[in-house]
Amino acid sequence: MGEAIYQSFVTFNWWGLCVTICNLLITFLIVRKFLFGPINKMLEARENEVRELYATAEADRTAAETMKRDYSASIANAKEEAAQITANATKRAAARSEEILADASRQASDLMRKAEESIELEKKKTLNEIKDEIAGLSVMIASKVVEKEIDEADHKRMIEDFISKVG
Amino acid sequence: MNGPQVYFEIPVLKGLPITESMRNQWFVMLLILCLCVFLTHNLQKIPTGKQALAEKAVVMLNGLVDSTMGEGCRHYAPFVAAIMLSSLFGSLISVLGLRPTTADLNTTLGWALIVCFLIHYSNIKFHGLKAYLKGYLEPIFIMAPLNILSEIATPVSMSFRHFGNMAGGLVISTLLLSALAAFSNAILGFLPVPLLQIGIPGILSLYFDLFTACMQAFIFSMLTMAYVGNARS
């Protein structure tokens, strides 16, 4: 290799300009294709994703709000229903207890009446028996006293008259 | 002070030279390609590490383009990024010991010419050819030569600003290096290496290579956005 050739310090030539211009254009294409292209695409993709995310979140929030409103409404309904059920039950229970009480008192009065009736009956029966007994006794006593047979039927009638007069 | 070295000439026309600047431009392009592929490799929905960095950069550039050029100019963002990255890496490769591509007038002028084309293209597209041509006669027709001159001055000023800054840094760094070599030789001549060359140029390099490189890349892309955005409004 011979002596190194140098251009002058401040030089101008069309060939150098052309090469530089081509180089810059190629550099421009490189930067556009390999740096700005992918990065801009990525930024855009991310922006879209974020936007989508926000939209989804907004939709979710709205849905949750609606659901909450529904739930509050149904809970309020449930409370009302519960109060109504309780009121109904109380009313029913009160009615039932009154019914039971009335039943019981009715039964008690029935029993009393029956008892009174049976007592009355028994009393009458006993009275009749006593009457018979007394009549028999009287006849017997009278016959013993009089010492003579008399018509028992007549006597009986007389005694009964007597007793009815007495009693 | 030499210009870029010529490696060989393609034997067509009068010989098309392949220079150091071109080689370094291709190196920078490869670097940008690798960086882009690395940053956008395996993108995830939830960004981590390098992806967060890349996204931040893209969002920032998009925002910068939106705020400087107005709405609806998003498709210019990759172009602005390309200019910014080319300029930044083209200047920063001087840190690796390579000749910065931006210290070659052809590089910066090439970029400025594309920007110039975009300015006029946007102007014609948004205002129509008639209004565009009429714009040269504002405020009165006598101003036409001056208007044309100012249009020509735009790419020239852009390219010379960038080239001048980088080439100036290169010249000063080289001068300093040789001065330090001479100085070192004079007072520490018994040593086999120019000891003073260690460290001191690095401090200057912080300004001329790092700061100026970032600054010029930013200025060039900001001017691109401002000019093209202005042509659209």
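In chain A, in which elements is confidence lowest and highest?

**View 1. Confidence along chain A of the predicted model.** Strand 1 of chain A has the lowest confidence, at a mean of 77, and helix 1 of chain A the highest, at 90. The chain A average is a pLDDT of 87 (the predictor's confidence in each residue, from 0 to 100), and 96% of its residues score at least 70. Helices (H or I, at least four residues) and strands (E, at least two) are DSSP runs, numbered from the N terminus. This is a predicted model, in which local features need pLDDT of at least 70 and side-chain atom pairs count only at pLDDT 80 or more, while totals for chains, interfaces and linings use all residues. Residues are numbered from 1 along each chain as its sequence is written, and chains are lettered from A, ligands numbered from 1, in the order in which they are written.

**View 2. The side of chain A that touches chain B.** Here 33 residues of chain A are in contact with 37 residues of chain B, a contact being two residues whose C-beta atoms, placed from the backbone, lie within 7 Å. Two or more residues each come from strand 1 (5-6) and helix 1 (14-146) of chain A. Helix 1 of chain A gives the largest share, 23 residues. By class, this side of chain A has 22 nonpolar, 9 polar and 2 charged residues; Ala, Val, Leu, Ile, Met, Phe, Trp, Tyr, Cys and Pro count as nonpolar, Asp, Glu, Lys and Arg as charged, and the others, Gly among them, as polar.

**View 3. Strand pairing between the chains.** Strand 1 of chain A pairs with strand 1 (residues 5-10) of chain B in the antiparallel sense over 2 bridges; two strands pair if DSSP finds at least two bridges between them. Opposite Ile5(A) stands Val6(B), and opposite Tyr6(A) stands Gln5(B), both partners lying in strand 1 of chain B.

**View 4. The hairpin of chain B.** Strand 1 of chain B also pairs with strand 2 (residues 16-19) of chain B, antiparallel, over 4 bridges. Ile10(B) has Leu16(B) in strand 2 of chain B as its bridge partner. Between the strands of this hairpin are 5 residues, and Leu13(B) takes a positive phi near 50 degrees.

**View 5. Chain B as a whole.** Chain B has 6 helices and 2 strands, running β-β-α-α-α-α-α-α from the N terminus. Of its 233 residues, 35% count as buried (20 or more other C-beta atoms within 10 Å of the residue's own, C-beta atoms being placed from the backbone). Among contacts in chain B with a separation of 6 or more, 65% join residues 24 or more positions apart.

How values were computed: Buried ≥ 20, exposed ≤ 12 C-beta atoms within 10 Å, placed from the backbone.
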